[in-house]
Amino acid sequence: MYSREEAIQKIIEEKGLKAIPNLIKLLDDDDLEVRELARDALSIMAPEGKEYILKEFKKRFEMYIKDDTVLLYLAELLSDLRCQEIVENLKMSFSMFTDERAFILIIESLLKITQDESYLDILKTYLENDETEIQEISIMAVSELPCKKSIDILAEKYYTTRDKSIKALILDSLIKIIATAYDLLPYFEEKYPDLYDILKWDLQKR
């Protein structure tokens, strides 16, 4: 029995880019583990397979399938590559979904591609949602843009929430931001010394 990592490696070695069409089909599989395996394999192949993935994204967008989770997966892959070609499609895709979680994922993709801090203001509104899962997805989305504004939004949420799991996720997200953009450390240390004290050992390991 292969581990997840071994299975991904085997797919890549045996099939290469030819595996992309079938992997995209598996993004719609009923089994979550299969979907995640396909997504992870595609994320490795995405830089070389960008044109095919972009073509499939455009095709599915034109099909206008309601609540199309595969479209979200493809958007995630392309946004990691800062694919400007899908920005306008993403802006028009909100009407295709009925779940707030999808809205956040679309905003996250737009944030990653455009690096536009105005999307952080939208994500901040979702941090006040009553659903913990919505808050968690929003926190992770905010951490995709390492900047002072992201730190401020997450710190404010940390101080106002009583949920220990949310606090823990915020601390992890702050570590991610500063590890990605270490030049933000002086700002973080000066403005939020109490949070810096909590995280300093983790930050020093980076």
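A residue counts as buried when its relative accessible area is under 20%. Cys83 has a relative accessibility of 0%, so Cys83 is buried. This model is predicted. The whole structure holds 10 salt bridges and zero disulfides.

**Cysteines**
- Cys147 has a relative accessibility of 9%, so Cys147 counts as buried.
- A search of the whole structure for disulfides finds zero.

**A link between helices**
- Asp80 and Lys112 form a salt bridge, with their closest N and O atoms 2.7 Å apart.
- This pair links distant parts of the chain: Asp80 lies in helix α4 (residues 69–80), Lys112 lies in helix α6 (residues 100–114), and 32 residues separate them.
- Asp80 is partly exposed, with a relative accessible area of 47%.
- Lys112 is buried, with a relative accessible area of 7%.

**Other salt bridges**
- Glu88 pairs with Lys91 in a salt bridge, and the closest N and O atoms are 3.6 Å apart.
- Glu88 and Lys91 are three residues apart in helix α5 (residues 87–92), so about one helical turn separates them.
- Glu88 is partly exposed at 48% relative accessibility, and Lys91 is partly exposed at 42%.
- Arg39 and Asp40 form a salt bridge, with the closest N and O atoms 3.8 Å apart.
- Arg39 has a relative accessible area of 24%, so Arg39 is partly exposed.
- A network of salt bridges links Asp99, Arg101 and Glu133.

**Pro47**
- Pro47 sits in helix α3 (residues 32–63).
- Pro47 has a relative accessibility of 55%, so Pro47 counts as exposed.
- Pro47 and Asp80 are 33 residues apart in sequence, and their C-alpha atoms are 9.3 Å apart in space.

Technical notes. Residues numbered from 1 in each chain as written. Predicted model: local features only at pLDDT ≥ 70, side-chain atom pairs only at ≥ 80, totals over all residues. Heavy atoms only, no water. Helix = DSSP H or I, 4+ residues; strand = E, 2+ residues; numbered from the N terminus. Buried < 20%, exposed > 50% of the residue type's maximum accessible area, 1.4 Å probe, protein only. Disulfide = S-S within 2.5 Å. Salt bridge = Lys/Arg side-chain N within 4 Å of Asp/Glu carboxyl O.
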